[in-house]
Amino acid sequence: MVRFSRKKSVLALVLVVVLAMLMAACTPAKKEAEPAGETREADVIVVGAGAAGLAAAIEAAEAGAEVVLLEKLPAVGGSTLVSGGIVYGAETPGQERLGVEDSAEDLAQYWIERAEGDVDEELIRFVAERSGETIAWLESMGVEFQDPVPAGTSPVPRGHTTKEGRGAGLIRPLEAKAKELGVEILTETTATKLLTDDNAVVGVEAETKDGKTVQFRGKAVVLATGGYDRDEDLRVEYAPVAEGHISYTSRGNTGDGLRMAREVGAEIISKNGVIGFRGVAENIPYTDPVGGLIFVPGLYVDSAGQRFVNEAIDYPIFYDAMIANGDENFYLIFDANSVPEALQEGVDDEVAFAGETLAELAEAAGIDPDGLEETVDKYNQMAEAGEDTEFGKPAELLTPVKEGPFYALRVKPAILGTFGGPKINVKTEVIGTDGQPIPGLYAAGEVANGQFFKTTYPASGTSIQMCFTLGRVAGREAAAR
Ligand SMILES: Cc1cc2nc3c(=O)[nH]c(=O)nc-3n(C[C@H](O)[C@H](O)[C@H](O)COP(=O)(O)OP(=O)(O)OC[C@H]3O[C@@H](n4cnc5c(N)ncnc54)[C@H](O)[C@@H]3O)c2cc1C
């Protein structure tokens with residue numbers, strides 16, 4: 001047995017301590033924890049803070065879930081914020097106040113017919129049946145609507161526009177409600193991929209504004225990331241019809257939700273459709289005085305000087321006519337008697353052109369002069385006769401084009417949103433390519449609207465109605481999980 005004296009033991013201890021100190025000094029300092037290491041927990045993680053995301057977050061929080069709402073831009077709202085703030089619906093409080101007779105089934109039929117039946121009828125009926133309740137719910141959140149008016153091609157007043165602020169009139173009260181319910185809203189936080197465990201989705205990985213990678217882990221993820229038109233590759237892949245067209249959507253519409261869902265095996269539904277619109281330039285929206293001139297139902301021609309549509313038709317059908325025509329530029333023609341005040345601004349911005357004669361105008365704008373003169377002649381004759389024998393525009397809108405100086409506002413095809421994304425069921429569960437729901441993954445809003453539309457948008461307000469109704473369902477289902 002080895003025996004140490006007390007003196008030797010103390011010496012040994014001192015030696016051990018000194019050695020340990022020396023080793024510590026020589027070992028390189030341990031690196032600071034990698035930013036990627038941060039993990040956050042919540043019950044429900046909602047990605048995207050537009051109509052669908054806010055509705056989902058509110059419903060999930062009201063059901064008692066702890067909710068984190070991730071938004072990649074510095075402010076919430078998405079395309080919903082810049083929208084016209086119109087919500088389409090049947091059996092609504094507004095219709096009741098006006099005594100309008102309407103039914104959810106008639107609304108569903110309208111949507112189905114406008115899509116020539118190429119839609120998920122169960123999903124359409126599901127939304128139509130809840131559309132009135134959704135508008136009542138929005139009112140209960142503090143959203144104020146004007147009396148409904150017709151939208152699309154139906155004469156039934158179903159378009160409910162906010163009293164103030166267009167899209168902001170929808171977003172602001174919901175943002176306040178979400179905060180009041182304790183939803184944690186993290187802006188400048190971009191979800192980059194879904195986290196999975198076996199085949200279930202258990203969270204998302206996100207980049208924060210200071211460049212950190214954080215994993216948000218939870219029981220359910222709701223994708224509410226909007227459309228994909230701001231991503232050139234996705235636009236070409238899923239909506240080539242809109243290649244090169246002006247986009248008025250939120251710049252957050254880069255299809256992140258579609259990509260993330262696709263990566264975990266979601267079935268993607270797309271039919272090459274968009275919310276077709278028109279505009280004078282990317283930086284001049286229709287809310288601008290010059291941009292708003294696109295709605296004047298005057299004489300429109302293509303660059304061959306030919307008319308191509310009933311100019312008073314609903315804007316998505318007008319867009320289709322532009323696409324069928326194939327030209328890139330179209331022109332709204334004014335004469336000295338019909339020139340609106342804002343047009344001079346358009347001339348200054350070089351989106352409108354002027355000429356003392358039609359020939360001069362044609363040269364300035366790049367329109368075929370003979371075609372333009374011929375079309376104006378014919379149009380004036382129809383105006384005089386009081387009948388549009390070519391395209392059936394109402395007689396009272398046939399304003400003749402007679403006296404110079406003449407003007408042409410250049411108008412191009414534009415889009416307000418995209419169609420297509422992961423397939424969902426009426427519980428908003430995302431469906432995989434094997435036909436089964438992907439556990440823990442939900443999607444609602446423009447990100448998952450492929451079953452709701454064919455290629456032509458049926459009526460203003462349809463998209464936001466679908467976003468709110470299905471966003472609410474997603475929030476409830478995610479919380480229940
Ligand atoms: C000018 C304009 C006018 C319109 N007017 C109307 C109208 O009056 N009525 C109507 O029904 N429709 C209208 N539309 C269409 C409608 O606004 C949209 O289809 C709808 O608002 C989409 O809602 P959403 O919640 O799905 O997406 P959004 O409102 O676009 O919200 C999606 C959010 O997700 C965020 N996001 C995206 N990716 C990520 C990520 N990786 N991580 C975190 N956040 C992310 C985006 O930044 C965005 O804030 C209009 C569109 C435009 C552009």
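Leaving aside its neighbours within four places in sequence, which residues is Ala 444 in contact with? The views below start there, and everything shown comes from a predicted model.

**View 1. Ala 444 and its surroundings.** Leaving aside neighbours within four places in sequence, Ala 444 is in contact with Ala 52, Ala 56, Val 222, Ala 224, Thr 428, Cys 467, Leu 470, Gly 471, Val 473 and Ala 474. Val 222, on that list, joins Ala 444 as one of the residues with the most contacts inside the largest nonpolar core. As background, nonpolar side chains tend to be buried together in soluble globular proteins.

**View 2. The shell around the ligand.** Here we've got 42 residues surrounding the ligand, with Gly 48, Gly 50, Gly 78, Gly 252 and Gly 445 the closest. Two or more residues of the shell come from each of helix H2 (51–62), helix H3 (78–82), strand S8 (190–197), strand S18 (406–418) and helix H14 (462–480). Sorted by class, the shell holds 22 polar, 16 nonpolar and four charged residues.

**View 3. Val 67 in strand S3.** Val 67 sits in strand S3, which covers residues 67–70. Is Val 67 buried or exposed? Val 67 counts as buried, because it has 29 C-beta neighbours inside 10 Å and 20 or more is enough for that label. Beyond four places in sequence, the contacts of Val 67 are Ala 42, Asp 43, Val 44, Val 46, Ala 57, Ala 60, Ala 61 and Val 183. Take Ala 57 from that set: Val 67 and Ala 57 lie 10 residues apart in sequence, with 6.4 Å from C-alpha to C-alpha.

View 4. Domain 1 brings 11 residues to the contact and domain 2 brings 15. On the domain 1 side, those residues are five nonpolar, five polar and one charged.

**View 5. Zooming back out to the chain.** The protein chain carries 14 helices and 21 strands. Its radius of gyration is 29 Å, well over the 23 Å from the globule rule for 481 residues, so the chain is more spread out than a compact globule. Along the principal axes, the C-alpha atoms fill a box of roughly 125 × 50 × 40 Å. Even so, 49% of the 481 residues count as buried. Of the contacts between residues at least 6 apart in sequence, 75% join residues at least 24 apart.

Notes. Residues numbered from 1 in each chain as written. Predicted model: local features only at pLDDT ≥ 70, side-chain atom pairs only at ≥ 80, totals over all residues. Contact = placed C-beta atoms within 7 Å. Nonpolar A, V, L, I, M, F, W, Y, C, P; charged D, E, K, R; others polar. Near = placed C-beta within 6 Å. Helix = DSSP H or I, 4+ residues; strand = E, 2+ residues; numbered from the N terminus. Rg over C-alpha atoms; globule rule 2.2 N^0.38 Å. Buried ≥ 20, exposed ≤ 12 C-beta atoms within 10 Å, placed from the backbone. Core = buried A, V, L, I, M, F, W, Y, C linked by C-beta atoms within 7 Å.
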